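Keep the structure open beside you as you read.

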Amino acid sequence: MAWYGGRVVTREGLSVSHFWSDIREHGCTFATAGTAIPLLLAQPAAPDDRDNPLRIAFGNAAGALNVEFQRRFDVHVILAYGSTEAGFCLVNRQLDADNCDAVGWPRPGYGMKLIDAEGNPVADGEAGELCVKPPAPSMIFTGYLGNPAATAAAKRDGWYHTGDAMRRMADGSYRFIDRMKDTIRRFGENISGTALEAEINRQPLVEE
């Protein structure tokens, strides 16, 4: 924002009731909506929902809600995957109903591979750990302070091992599954603990 001569507006804590008034008051054109999206969609519809200066917003992991947010508020939602160590390496800039579960496609210059527990590449559609190689070494972290063992485990041969399980789809997009440590391995298949919990929560006899 400093490079482009822009402004950053912050407030202490999320306020759903003041979100759009803040956007309008300060003329915000970009926002990190994220976890606020389901809360904003839960608010009663208003005639001026689409009357706002917001053009782009970072979305929420909850797929289809991003599409509804785009439609209701006339805001272009983008999704991105990244980390402190590697920055944003996957981006979904053209989110629609067909790809709203994709965290994105690789940014130009980034190397991507998915590997199994033994370090072997996995086929498209199969879950594996995402490993990232940036276009230049300076675009990734140098190491964990005072923890050479953790650094050696995470950085190998120029690849950063994210610890995240993903699937690469036929169209080249990536779907986030779970953290590797939260993944249940059964008969060679990686099962997301989060997905399993969501399925259980859909059962009528389960409250939570």
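The sections below cover the model itself, its sheet, its cores and its aromatic rings.

## About the model

This is a predicted model, in which local features need pLDDT of at least 70 and side-chain atom pairs count only at pLDDT 80 or more, while totals for chains, interfaces and linings use all residues. Residues are numbered from 1 along each chain as its sequence is written, and side-chain values use heavy atoms, leaving out hydrogens and water.

Helices (H or I, at least four residues) and strands (E, at least two) are DSSP runs, numbered from the N terminus.

Five of them make an open sheet with mixed pairing, in the order 1-2-3-4-5; two strands count as paired if DSSP finds at least two bridges between them. At the edges sit strand 1 (30–32) and strand 5 (105–106), each pairing on one side only. Strand 3 (residues 76–83) runs antiparallel to strand 4, with five bridges between them, and Ser 83 has Gly 87 of strand 4 as its bridge partner. Helix 3 lies across strand 2 and strand 3, at about 145° to strand 3 (axes are lines fitted to C-alpha atoms, for helices over the stretch in contact, and angles run from 0 to 180 degrees between N-to-C directions).

Elsewhere in the numbering, strand 11 (residues 183–186) and strand 12 are antiparallel and joined by four bridges, with Ile 184 opposite Ile 191. In a regular strand, side chains alternate between the two faces of the sheet.

## Two nonpolar cores

A nonpolar core is a set of buried Ala, Val, Leu, Ile, Met, Phe, Trp, Tyr and Cys residues joined through side-chain atoms within 4.5 Å. The largest one has 16 residues, of which Trp 20, Ile 23, Leu 54, Phe 69 and Val 75 touch the most other members. Helix 1 (19–26), helix 2 (36–41) and helix 3 each give two or more residues to this core, and helix 2 provides the largest share, four residues.

Leaving aside residues up to four places away in sequence, Ile 23 touches Cys 28, Ala 31, Pro 53 and Leu 54, where contact means heavy atoms within 4.5 Å. A second, separate core has twelve residues, including Cys 89, Val 103, Val 132 and Tyr 174.

## Aromatic rings

How many aromatic pairs does a search of the whole structure find? There are eight, counting rings of Phe, Tyr and Trp (its six-membered ring) with centres within 6.5 Å; planes under 30 degrees apart are stacked, over 60 edge-to-face and the rest tilted. Phe 58 and Phe 88 have ring centres 5.7 Å apart and planes at 40°, so this pair is tilted. Phe 58 belongs to strand 2 (residues 56–58) and Phe 88 to strand 4 (residues 87–92), so the pair ties together parts 30 residues apart in sequence. Phe 58 is partly exposed at 21% relative accessible area, and Phe 88 is partly exposed at 42%.

Phe 69 and Phe 73 also form a tilted pair, because their ring planes meet at 50°, with centres 4.9 Å apart. These two residues are four apart in helix 3 (residues 64–73), about one helical turn, and both are buried. Together with Phe 19 and Trp 20, they form one aromatic cluster.

How values were computed:
Buried means under 20% relative accessible area, exposed over 50%, partly exposed in between (1.4 Å probe, protein chains only).
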